[in-house]
Amino acid sequence: MATYVEAGHASDYTNLSDVVGKAPAVTKKLNYKRILKAREAEPHNWITYYGGYDGQRYSLLDQINAGNVKSLTPAWVFQAGTVGMQSGAGTYSMEASPIVVDGVMYLTGYDGWVWALDARTGQELWRYKHASPYDISLCCGNVNRGCAVAEGKVFVTTLNAHVLALDAQTGNVVWDQVYGDVRAGESATVAPLVVKDMVIVGSSGGEFGVRGHADAFKIEDGERVWRCYMVPKPGEPGSETWPTEGEAWQRGGGNCWTTPTFDPDLNRLYFNTGNPCPDFDGAVREGDNLFTDSVVAVDPDTGQILDHYQYTPHDVWDYDSTMENILFDLDGQKLSAHFDKNGYLFILDRTDCSLVRVVPFVDRITWGEIDANGKVTAKVYPDKEGDPVHFWPGPAGAKEWTHAAYSPKTELLYAPVQDIGATATRRRREFKESIPYWGAGVAVDGEDVAGSISAFDPRTGQERWRWRHDYPMCASVLATAGDLVFAGEPSGRFNALNASTGEQLWQFQCGSGHHSSPSTYSVDGRQYVVVPTGWGGWVEGFLPAMLSARAGSAVFAFALPE
Amino acid sequence: MSPTAAKATRMADEPGLAKQNGTTIGRVFGSGNIVHAEEDSDGRMHATIRINEDELIFDPSILILPHGGTIDLDLYNDDKNTHCAVFPSNGHMQFIWMVNSSHGTATLELDGPGQYWYGSTTGNDEGRGLTGSIVVSGDTPPEAKLDRPPQPQP
């Protein structure tokens, strides 16, 4: 019989690193009242996903400005890396928007990683790693878009559709709730939003024939408050837009996989819903297919749908409307702005989701037309079985999920624009749970593509300037009171543009492409601009010409020299 | 039967795949044993995993759990070389260094359902064959399921 040496008990892998293990208690007194006034009362922080409930992705910080940005240099870099095998191994990407509270950064990565960092130095304070099944259904890569913080907790969703509350000082789990069915093809990538005493999340899985939903849980103990389905059951409002017979509504999509915006005065959450399913085979789901491809105003206290506006009725191009609805007031009007995948910028009256203005924001739109009154006329779409159809924009859209920004200072909207088409060939298939349910073969253009950062006047819809690029622009932009717009490129370059003119003022090569949301903050009086980099996700869908571009998993923080 | 199907061979029957320095240099993934974890009356699970001499595999290569939760592992390195193991576990991956002829333990917390990897992250142990699976059986809790009738399955 062999004599064994005692190897002991396996321990946390984190112990074999320089992780500190604890973060300062900066979020303990961070409550709803503080979040309401976050941008104005504490501009040194970036407290919610968009930097504010309104989704403007705008900061009042102006230490870094158009006059001195040319001196911007890296202050620190955080490298995430990988260990062993991970889900969607070829698709991992950094897609988060870093949250910063009083010098502590809370960040998520791919494959269940959550980190707390010293926002001044990049020192890793604690880490959490959720064990993600290798075989989880992921339509669009191994990604996560960020976390929320409040009352001493960090909230994050996991690939296998859990929502977790972590202790903000240690990273230890406080509560854990399952809110999606991985056997049905559901997953979760959304950055949660704290509203009142709740944390709000939404589901992913629109390419697998699920029924999209948003969910609310108590931040204290994870108790479920409500679930709101974005595809109605027969007899519910909106069900008249689905076939009266059959199962189409059961697999109708309409997922909420990016963070909603919130108007506390109107007490409305503005959810952004995804494509109907199957994506390209509309004949099995005749009708407008509410509430897919819509902004859906929801009562945060009850989860009841109050209003909606559908950007692409009866979508057969995979035109999710999950990108943000930016809330802003102009000339006494309460408005929202939304750049849709379908290539149109919609300005709505957010009190009732009625249309104020709609204009195209990309050069090539061939799928159809939306007139000034919002009337939609479809022109080119996959219809006959086996017949290839080419259309612009492709399924990644003229703007992907990555976010636009609004500057109250310039009164301009800034959008990352993708000018790229695709060919879809309808191929009907029967539905089987957990199997992709597209109803077409799709090839996105590898040539003849373009992109830009474009600035629009929301009063008129007119384009005020355009910073052109050879490739589609696939990352969120950030606007600041320093008269700057920050935008990352697929190539890895990170740019600062003049917010009034679009002139390029600064550039830094981060080494891997951008598909995330930069944010800004200050610590001890020094302003930083931070951007996660790491090219990946659904690249074959939004830029196949860069499918083999350099991968990576870093976070860069920039500041002016001390 | 198609020509392709007619040529198909089961992994275990194909010579040189389930051994070191056979057809492949190492051993093809998942070509070892499959074992079900045992469950205690309180739902806690346990199993034994061994690294066999000169095989560079975890035995079992696939460990099946009846459900998510806590599992205690007994680990033996019966090989004449040093290896390690990095296991998935909610919160932090679990690591143990295992010199020749050593015994250790590990406790893992896993959700269900799905397939999770584990491996020896030293040299190219993982590529040679020291990559295993922990398969968590079961279903999503009822409160998280979609409100819809049962759907067709693959």
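Predicted model: local features only at pLDDT ≥ 70, side-chain atom pairs only at ≥ 80, totals over all residues.

Me: What makes K145(B) and D181(A) a salt bridge?
Reply: Their closest N and O atoms are 2.9 Å apart. The cut-off is within 4 Å, so the pair counts as a salt bridge.

Me: Why do you say this pair joins two chains?
Reply: K145(B) sits in the segment after β11 (131-136) of chain B, while D181(A) is in the loop between β12 (173-178) and β13 (193-195) of chain A, so the pair joins two chains.

Me: Are the two partners buried or exposed, and how do you know?
Reply: D181(A) has 4% relative accessibility; buried means under 20%, so D181(A) counts as buried. K145(B), at 30%, counts as partly exposed, because that label covers values between 20% and 50%.

Me: How do you know that R364(A) and D419(A) belong together?
Reply: Their side chains meet at 3.1 Å, N to O, and the limit is 4 Å, so the salt bridge label holds. The pair links distant parts of the chain, 55 residues apart: R364(A) is in the loop between β24 (354-360) and β25 (368-370), D419(A) in strand β29 (residues 412-419).

Me: Why is D419(A) called buried?
Reply: Its relative accessible area is 7%, and the line is drawn at under 20%, so buried it is.

Me: What about D320(A) and K341(A)?
Reply: With N and O 2.8 Å apart, they form a salt bridge too, and D320(A) and K341(A) are both buried.

Me: How many salt bridges does the rule give over all chains?
Reply: 39.

How values were computed: Residues numbered from 1 in each chain as written. Chains lettered and ligands numbered in written order. Heavy atoms only, no water. Helix = DSSP H or I, 4+ residues; strand = E, 2+ residues; numbered from the N terminus. Buried < 20%, exposed > 50% of the residue type's maximum accessible area, 1.4 Å probe, protein only.
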